[in-house]
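Me: I would like to learn how to read contacts between aromatic rings in a model such as this one. Could you take me through the general idea and then the case at hand?

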Amino acid sequence: MIAHKQLLPEELRALIKVRVLIFGGNKKLKIFGKLNCVSGKRMKTDNRVFFTTSEEAKFFGYRPCGHCMKEEYKIWKKENGFV
């Protein structure tokens, strides 16, 4: 997990371009999703973190986004007794 504030803008662009960073998350809400998600783009940079895999995000206790990761979110809901 890498906090947005730890990276310079050019470092961030380079890591996204070579697909090292694939997912973004909100550290206050503990939600992660795809970098092109509309919900994620509205998040404050103070709250934004990045992950290389969905497994990494789940390891840190983040849940999938209900907008851009619908199927993964449905599975998470079922596994956690919300259905």
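This is a predicted model: local features need pLDDT of at least 70, side-chain atom pairs count only at pLDDT 80 or more; totals for chains, interfaces and linings use all residues.

Me: Which ring pairs with phenylalanine 59, and how is the pair classed?

Reply: In general, a pair of aromatic rings is described by the distance of the centres and the angle of the planes. Here the partner is phenylalanine 60, with ring centres 5.3 Å apart and planes at 85 degrees, so the pair is edge-to-face. Phenylalanine 60 itself counts as partly exposed, at 34% relative accessibility.

Me: How many aromatic pairs are there by this rule?

Reply: The count comes to seven aromatic pairs. One of them joins phenylalanine 32 and phenylalanine 51, again described as edge-to-face, with 6.4 Å from centre to centre and 75 degrees between the planes. Because phenylalanine 32 lies in strand 3 (residues 31–34) and phenylalanine 51 in strand 4 (residues 48–51), this pair ties together parts that are 19 residues apart in sequence.

Me: Are phenylalanine 32 and phenylalanine 51 buried or exposed?

Reply: Phenylalanine 32 is buried, at 1% relative accessibility, and phenylalanine 51 is buried as well, with a relative accessible area of 0%.

Me: Which residues form the aromatic cluster?

Reply: One aromatic cluster is made up of Phe23, Phe32, Phe51, Phe59, Phe60 and Tyr62.

Me: What lies over the face of tryptophan 76?

Reply: That is arginine 63, which is placed over the face of tryptophan 76 at 5.7 Å from the ring centre.

Note on methods. Residues are numbered from 1 along each chain as its sequence is written. Side-chain values use heavy atoms; hydrogens and water are left out. Rings of Phe, Tyr and Trp (its six-membered ring) pair if their centres lie within 6.5 Å; planes under 30 degrees apart count as stacked, over 60 as edge-to-face and the rest as tilted. Helices (H or I, at least four residues) and strands (E, at least two) are DSSP runs, numbered from the N terminus. Buried means under 20% relative accessible area, exposed over 50%, partly exposed in between (1.4 Å probe, protein chains only). A charge sits over a ring if NZ of Lys or CZ of Arg is within 6 Å of the ring centre and within 35 degrees of the ring normal.
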